[in-house]
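Notebook open, structure loaded. I'm jotting down what I look up as I go.

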Amino acid sequence: MQLTIERSAFLRALGHVQNVVERRNTIPILSNVQLVANEAGLSLTATDLDLAIVETVACEVRRPGGTTAPAHVLHDIVRKLPDGAQIELDYGAEAGRLVVRAARSKFALSCLPREDFPVMADGDLPYHFVLPAADLRRLIEKTRFAISTEETRYYLNGIYLHAPEDAPVLRGVATDGHRLAHIEISLPEGAGGMPGVIMPRKAALEVHKLIEDGEGVIEIALSDSKIRFSLGDIVLTSKLIDGTFPDYQRVIPSGNDKLMEVDCKSFAAAVDRVATISSEKSRAVKLTVNGSTVVLSANSPEQGSGTDEVPVNFNGEGVLEIGFNARYLLDITGQIDGENACFDLSDGASPTIVRDAADPGALYVLMPMRV
Amino acid sequence: MTAMCRDCLVVAPGEQMPTRCRECGSPRVVRHPELLLLGIAHLDCDAFYASVEKRDDPSLADKPVVVGGGHRGVVSAACYTARTYGVRSAMPMFEALKACPQAVVIRPDMQKYAAVGRQIRAIMKDYTPLVEPLSLDEAFMDLTGTERLHGRSPAATAATIVKRIEAEVGVTASIGLSYNKSLAKVASDLDKPKGFAVIGRAAAVDFLAGQPVAVIWGAGKALQKRLAKDGITTVAQLQAMEETRLIARYGAMGLRMAQFVRGEDPRRISANRPTKSISSETTFHHDISDGEELKKILWRQAERVARRIKSAELAGTTVTLKLRRTDFRILTRSRRLPDPTQLADTIYRHGVELLAKEISKNTRVIAYRLLGVGLTGLVDGADADPFDLAEPSAVRRADAERALDRVRDRFGADAIGKGRGLP
């Protein structure tokens with residue numbers, strides 16, 4: 001393999017694929033990026049066995065071929081080369097080494113045979129659809145905070161992506177048991193019959209990174225075990241989580257009739273202020289909703305107490321007290337783009353719904369905590 | 001040298017009571033230069049379970065008595081007669097019976113021992129509020145500063161307590177008196193049974209130098225093995241080592257060892273040491289390899305743990321499964337829960353998953369001789385089992401269990417139960 005490639009294009013592609021490569025690997029070849037040059041250009045592949053990403057970059061190929069080289073090292077080298085440099089890659093000149101040359105710099109990197117690089121079989125992906133990149137970005141952005149990291153309930157370690165029967169939407173749901181995010185985007189053509197799938201956290205976060213500016217469209221192809229995202233020259237394929245996502249509809253309360261509407265920014269700022277004092281472990285903040293204000297208060301036996309007050313619109317009678325984990329509250333208010341956040345409350349012990357007044361497709365459920 | 005008679009509590013200079021008490025003639029005289037200056041006592045009952053059984057059945061008085069769980073279990077306590085045959089606690093019962101075939105084996109009655117333990121603790125609390133129980137039958141007492149209150153030295157108070165326990169409860173105990181917890185604990189073991197041993201400041205380091213590493217509180221088999229591998233078998237060797245080296249090599253335990261070998265122990269006696277774990281375990285009569293049978297036992301244990309944790313108004317955040325294989329190897333497997341629990345159902349579900357994982361790991365059938373399940377990471381019971389958005393059906397199972405509990409509260413523990421709990 002021998003080729004010349006423009007530094008910025010190479011760096012960009014390496015930046016994309018090296019994200020997938022784990023810093024610590026028990027299988028040495030997984031630390032490498034596969035480089036293959038042919039008439040289409042240079043294609044770079046990285047995988048962690050659950051997820052594979054392939055990106056093709058245009059370049060001047062003099063001799064086709066391929067090898068695998070350490071991904072992070074190669075990325076660091078290319079990053080440190082001067083902007084605008086023309087980089088020559090040569091595999092074959094030195095035995096078992098990839099020679100990287102640019103101006104007066106020369107590196108020879110140890111390689112591992114390309115034949116040993118694991119190939120992720122796509123299998124048959126019977127469902128195809130195309131959706132705006134901005135839609136998918138929004139779906140991931142607003143659900144990712146609720147994805148669980150708990151290993152025992154592995155089926156919660158992703159976003160449940162499905163086309164429900166009750167509405168013409170594509171819905172993403174994530175929960176860790178304490179909070180739940182429920183985001184809908186308009187149903188792309190062809191997605192109607194797709195099976196409900198659990199897209200792993202890493203795949204979701206990688207796709208989100210690749211979307212960048214959010215322009216253009218993304219092609220999705222999936223089966224009930226794999227999903228493939230195609231964004232121009234980049235193809236990301238991931239295994240899906242093999243499990244059953246909980247019946248989340250049952251935990252979304254329908255009878256919460258006490259509605260509190262509050263200016264989201266000032267509410268979040270007040271929660272953040274008051275939470276400064278709440279004990280590190282529980283991070284509990286108490287909301288006391290009374291007529292036209294909500295009083296936020298926090299207590300810590302070691303540090304003292306704090307209160308703050310924000311005006312609200314509240315349709316309930318009397319006083320309602322409810323406690324929440326401050327971080328969870330801030331995670332949710334952080335997702336709300338509109339001016340107002342709406343809380344559908346029942347009582348201090350029941351799940352609460354939080355909605356974005358400006359976005360009917362977004363809904364969050366939050367469990368209260370004892371205060 | 002100061003001497004004190006343990007029977008009439010007379011205190012005199014040592015030379016005035018060379019062998020017997022000058023007042024009452026008792027031979028039970030304790031002598032130590034720092035006798036009146038030490039205030040930390042460790043009280044340890046002698047062969048406690050066996051002593052209680054002997055107290056309740058005088059015909060056992062001269063017989064070797066072993067308390068433990070059947071032929072397959074281990075010895076929980078052996079009376080001093082049985083010990084002369086080589087029976088030791090924690091020894092498998094079949095070995096104990098090999099050493100002493102005529103021993104009278106009694107199944108432990110933990111409720112009875114707990115009641116006796118409470119009685120003993122109550123006597124200790126008459127003298128100091130600072131009583132820190134280590135188990136049913138042993139506790140630390142901080143008697144520092146009680147001289148004016150009781151009109152006698154801590155040593156005399158400790159002797160009084162033991163006398164009262166003998167008279168009122170009917171079991172004997174040994175006292176270790178020192179200036180810190182670990183040394184008091186070491187001391188109580190020196191003169192058993194009915195002992196009274198003192199380790200003072202002046203002699204502590206020299207005394208420890210002559211001891212094996214096993215004397216260190218917290219140095220179990222594993223650590224002893226590790227020390228032996230590093231060529232360390234005596235406390236004297238540890239005394240010769242730098243503290244920093246010990247910490248670097250053995251971590252937190254290194255620090256404790258470094259302090260211990262210099263006769264230091266900064267830990268205070270605290271009366272309200274919180275419960276750290278609640279568990280239940282069973283040694284089987286016959287080895288069990290059948291998963292279904294193990295699950296049945298696990299359920300009953302989960303119920304027991306749940307009952308205890310509910311009555312203590314606590315909740316646990318980690319479920320731990322314990323298995324002992326026929327080769328005596330112990331396996332423990334833990335799992336952290338998303339939320340604290342006190343429900344038998346939740347303990348059981350996680351326990352079964354841990355068990356299934358362990359069983360499926362083995363390529364051949366493995367038999368077990370012990371199974372146990374427990375909760376650790378205990379928190380306030382009010383935080384137990386919140387509504388879980390990811391497990392809507394858990395709410396109904398929790399409601400069902402609480403309903404069962406209400407029936408049990410009214411009609412007794414056996415009034416109602418799940419089918420899987422049937423024998």
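First, the cut-off I need: a residue is buried when its relative accessible area is under 20%, exposed when that area is over 50%, and partly exposed in between. I also keep in mind that this is a predicted model.

**Entry: helix 4 of chain A**
I looked up A:Glu206, and at a relative accessible area of 4% it is buried, because that value is under 20%. The side chain of A:Glu206 meets that of A:Lys209 in a salt bridge, 3.3 Å from N to O. Both residues sit in helix 4 (residues 201-211) of chain A, three residues apart, which is about one turn of the helix. A:Lys209 has 42% relative accessibility, so I put it down as partly exposed.

**Entry: chain A overall**
I counted six helices and 25 strands in chain A. Of its 371 residues, 55% are buried. The C-alpha atoms fill a box of roughly 80 × 50 × 35 Å along the principal axes.

**Entry: salt bridges**

In chain B I checked B:Glu23, which forms a salt bridge with B:Arg22; their closest N and O atoms are 3.2 Å apart. B:Glu23 is exposed at 53%, and B:Arg22 is partly exposed at 43%. I also noted a network in which salt bridges with shared partners join A:Glu150, A:Arg153, B:Asp345, B:Arg349, B:Asp388, B:Glu391, B:Arg397 and B:Lys418.

**Entry: helix 6 of chain B**
Just after the helix, B:Gly170 takes a positive phi of about 90°.

I found positive phi values in residues other than glycine. A:Ala103 has phi near 45° and lies in the loop between strand 8 (97-102) and strand 9 (105-110) of chain A. A:Ala103 is exposed, at 77%. B:Glu313 has phi near 55°, in the loop between helix 12 and strand 13 (314-325) of chain B, and is exposed at 59%.

I also looked at B:Lys192 and B:Pro193, which are joined by a cis peptide bond with omega about -10°. B:Pro193 is in the loop between helix 7 (181-188) and strand 11 (196-198) of chain B.

**Entry: loops in chain B**
B:Pro266 sits in the loop between helix 11 (243-261) and strand 12 (277-288) and is exposed at 60%. Its C-alpha is 7.5 Å from that of B:Asn180, 86 residues away along the chain. B:Met241, in the loop between helix 10 (235-239) and helix 11, is buried at 17%.

**Entry: surface charge**
Which residues gather in a patch of positive charge on the surface? I have B:Lys296, B:Arg300, B:Arg304, B:Arg307 and B:Arg308. B:Arg304 lies in helix 12 (residues 291-311) of chain B and is partly exposed at 36%.

Technical notes
Residues numbered from 1 in each chain as written. Chains lettered and ligands numbered in written order. Predicted model: local features only at pLDDT ≥ 70, side-chain atom pairs only at ≥ 80, totals over all residues. Heavy atoms only, no water. Helix = DSSP H or I, 4+ residues; strand = E, 2+ residues; numbered from the N terminus. Patch = residues over 30% accessible without salt bridge, like charges linked within 9 Å, V, L, I, M, F, W, Y side chains within 5 Å. Areas by Shrake-Rupley, 256 points an atom, 1.4 Å probe, with all protein chains shown as cover. Salt bridge = Lys/Arg side-chain N within 4 Å of Asp/Glu carboxyl O. Lys, Arg positive; Asp, Glu negative; His and termini not counted. Charge placed at Lys NZ, Arg CZ, Asp CG, Glu CD. Buried < 20%, exposed > 50% of the residue type's maximum accessible area, 1.4 Å probe, protein only.
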